Structure formats: C-alpha cells, structure tokens
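Subject: Handover of a structure and notes on it

Dear colleague,

My notes on it follow directly after.

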Amino acid sequence: MKEIDFVSKSTLPNGLRIVTEKIESVKSVSVGIWVKTGGRHETAKQAGITHFLEHMLFKGTDKRSSFDIALSMESVGGYLNAFTSSEYTCYYSRCLNTQLDRALDVLSDMVLHPAFPEEEIEKEKKVVIEEMKMYRDSPDDFLFEEFNSKIFNGHELGRPVLGYEETVSDFSRQDLYDYMKDRYYPGNLLVSVAGNVDHDKVVQLVTEYFENLEAKDHDESEQPLPEFKPEDVTLTKAIEQTHYIYGRRGLNFDHEDKYLLLLANTILGGGMSSRLHQNVREKYGYCYSIQTFNQSYTDTGLWGIYVGTDKEYVDHVRELIKKELKQMQDEQVPEKELAEAKSQLKGKLLLSQESTSNRMTRLAKSELYFGRFVTLDELVENIDSVTAEEIQRFVKDFFTEEDFMEAILLPEN
C-alpha cells in the first residue's frame, strides 16, 4: 500500500480539520492541536502574547490544576509540551496508543477551558522575561534576533516571538481571553494524530470535545512585506568569540525554486562534508562551527550562513564564504556531489519517519501550508528531478551580493 493510503482527513461542520496517519508498527501515538496563529498575527501592543498564552494554557483549566495537567500524561509514561512560532502554535502529547482518549481530553481541556489564574499570570510574566534574558545571554540567539529584525524591518515577522519586556509586563487576563476569542476559532484549529490509531475514533473524540465551538468568519489582514534594504549590523558584547551571519531574505514554503535552494543549502552547509565546513573549518581551522540556515514562511523566507570564529579571522572567513558562493555561480555542481546531497536529504527524510512526533508534525504542516498531504514519494521525486544546470541558474540570481547583509557580534574592547 502507498503512504497516502494510511492518511485520512475530516472536517467538522464548524470548520475544524482533523488529519491522521495510521502506523501499525508502533504502540505509541503523537497528538497535536495546532492553532494557525503566531507572532506575525499580533499587533505591536500584543507582541509576545501568542507565546505567553502558550505558557498560560499549562497553568490550569476550569477542572484541572497545573499539577493535574502535568501528572495526567506523565503518570502513564507520556508527556505534554508546546511551542510557538511566527505562524502557528502547537500543543502536543506523545503516549501509548491506549491513552489516546486521555491525551485528547487533556489537550482539548487546555485549549477550550483555560482558567488564567491572576497570580499565575503575574508569576509567568517573570518566567517569560527570564526566558528573554536567557536568549540575550546566548550570543548566537542574540545575533539571530538582531539579524531577523533587520531582514524584516518594520514587519511583524521582524519581532521576536517572545515579545518584549514592556509588552509582556502589560498583559492582563482579559487580553488573553480576547486574543483567544479572536484567534482560537475552528477554522484556525487543526488536530493532527500519527501512530497506531483509528481515524474514525479520533474524529469521534474530537467531535465530542470541539463540536460546540462556534464557527467564525475571519479574513486575515494583509501584511505586505516592506522592500528589503540590506543594512549591515555590528554589535558588541562581553563574550570571547565573534559571531557572524551573512544572509538575505529566502523563499516561501511553496516557491517554485524551493528544492533548488534546499540542495544548494545542503551542498554548502549540510553537515561535516559540506563545502563550508570542509573549507573554513577543516582546511583553515578558522572556526568550530559553521552552518547554513533556511527558514520558510507563507509569503517569504530567510536564508544565510552562521559562523562562530575569532575576531582576527572574520575578514578571512567572510572572504572564504563569498568565494564559495561565487564558485557555485561560476561552476556547476559536479554530478557526484549533487547525487550525494540528494541522498543526504532523502536519508534525513526517511530517518525522520521513525518518529511519530515528526510524522504528526509533517502531517500538520502539509495541511497548514498546502491544504493536502505531501507524500514522501512526491518529495523524493522533486529532489531527484533537480539538475546541476538548474542549481547554477538559481544561485546566479539568488547569491547576488547586493541582496545580502551581514550581522556581526564582536567581543567588547
């Protein structure tokens, strides 16, 4: 049977979507309630409220305390967690498939009946502000935040998902309820389940919990991207190492050239065998870590190279990076190297399928971004179809120096 034969999708009358993948070879199940809301859907005054709300949903419901929530899954060997990004929020659990009812009961209770105790709100504000400080104390996280704010200067994507101390400090209980009412409606909700499950059973359970949630018409406001004007950033901090990013705006999730960038990204910075690692680290010893990053959103993306090095080597590293990009523009990738990059990507894809959590996430992202299930066969076919000529054509335009900016964090003094 084909992979698609094990994937099912249903939509409740109120608009909530349910996607499942049956994996008979496991005894576990991963359950996720996804909300199509993230940092980019906040007003300036709300900056950080999506992430703060994610924290607060673990602080108790009308019938469960925060301890009850934690114990509910841990007492049967499972776990609960959540994360927030710029475009979505996910509350998820992994447990034995015999505990599916319990996982959906707890997760739905958190999403539908949060209590938001006043004393917990004030405590959690301090927790989130400490989380901000933790990231600021991490040089690479600090630099990425500054880089991102310049890449999307003036746009919602340029704000940190955690928000700012002044906005988080001002959140009230009513603000949380208002935001949930505005964003947590059925058309924005998706339940994704992967593991040893029966689709009809999942639909039955989700219907019991969510059928009374009222449908709502909601038009997303336009968020036109401002023109990108590369502006280099130089910062200092009390650190030992210099941190350097060279990057630009990237491609959106559904861009026709996304597989070309994916392979170029792998060839340049996909592990220890990549060109940048072999040249900058292995040949010259200029760094411990060098890597590429590739982030896609609904309408845009982010791509670049990050390296941690000594301040004396920065000019050499910059020159070597630009030399590698120029070489990809001037010379086609050898067939052997391209074949190895394709094998690397396909191998990672297949290995990731051994985790029910990864499969649950892939199910959800397929539905959120494409409205359908994107099969492994389709992904492999698209990767295999890329030619060296296509990559060269793409990078000649994409690696144009005028479209790049650099961000550098230097040791003080």
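Strand E8 (residues 242-249) and strand E10 (residues 301-309) run antiparallel and are joined by 8 bridges. One of the residues involved is Thr242, whose bridge partner in E10 is Thr309. Please bear in mind throughout that this is a predicted model.

The sheet around this pair

E8 and E10 belong to an open sheet of 5 strands, arranged in the order E7-E11-E8-E10-E9 with mixed pairing. Helix H10 (residues 275-283) lies across E9 and E10, and its direction is at about 155° to E9.

The packing of H1 and H4

Helix H1 (residues 49-56) packs against helix H4 (residues 118-137) at an angle of about 120°, and the two axes are 10 Å apart. This angle makes H1 oblique to H4. The crossing of the two helices is right-handed. On the H1 side, the contact is made by His51, Phe52, His55 and Met56. These meet Glu120, Ile121, Glu124, Lys125, Val127, Val128 and Glu131 in H4.

Two loop residues

Phe116 is found in the loop between H3 and H4. The phi angle of Phe116 is positive, at about 50°, although this residue is not a glycine. Is Phe116 buried or exposed? With a relative accessible area of 0%, Phe116 is buried, because buried means under 20%.

Asn97 is found in the loop between strand E5 (89-96) and helix H3 (100-112). Its relative accessible area is 26%, and Asn97 is therefore partly exposed. Which residues does Asn97 contact when its neighbours within four places in sequence are left aside? They are Lys27, Ser28, Val29 and Asn196. As for Asp310, its C-alpha atom is separated by 50 Å from that of Asn97, and the two residues are 213 apart along the chain.

With kind regards

Terms used. Residues are numbered from 1 along each chain as its sequence is written. This is a predicted model: local features need pLDDT of at least 70, side-chain atom pairs count only at pLDDT 80 or more; totals for chains, interfaces and linings use all residues. Side-chain values use heavy atoms; hydrogens and water are left out. Helices (H or I, at least four residues) and strands (E, at least two) are DSSP runs, numbered from the N terminus. Buried means under 20% relative accessible area, exposed over 50%, partly exposed in between (1.4 Å probe, protein chains only). Contact means heavy atoms within 4.5 Å. Axes are lines fitted to C-alpha atoms, for helices over the stretch in contact, and angles run from 0 to 180 degrees between N-to-C directions. Angles under 35 degrees count as roughly parallel, over 145 as roughly antiparallel, 65 to 115 as roughly perpendicular and the rest as oblique. A crossing is left-handed if the near helix is turned anticlockwise from the far one by less than a right angle, and right-handed if clockwise. Two strands pair if DSSP finds at least two bridges between them.
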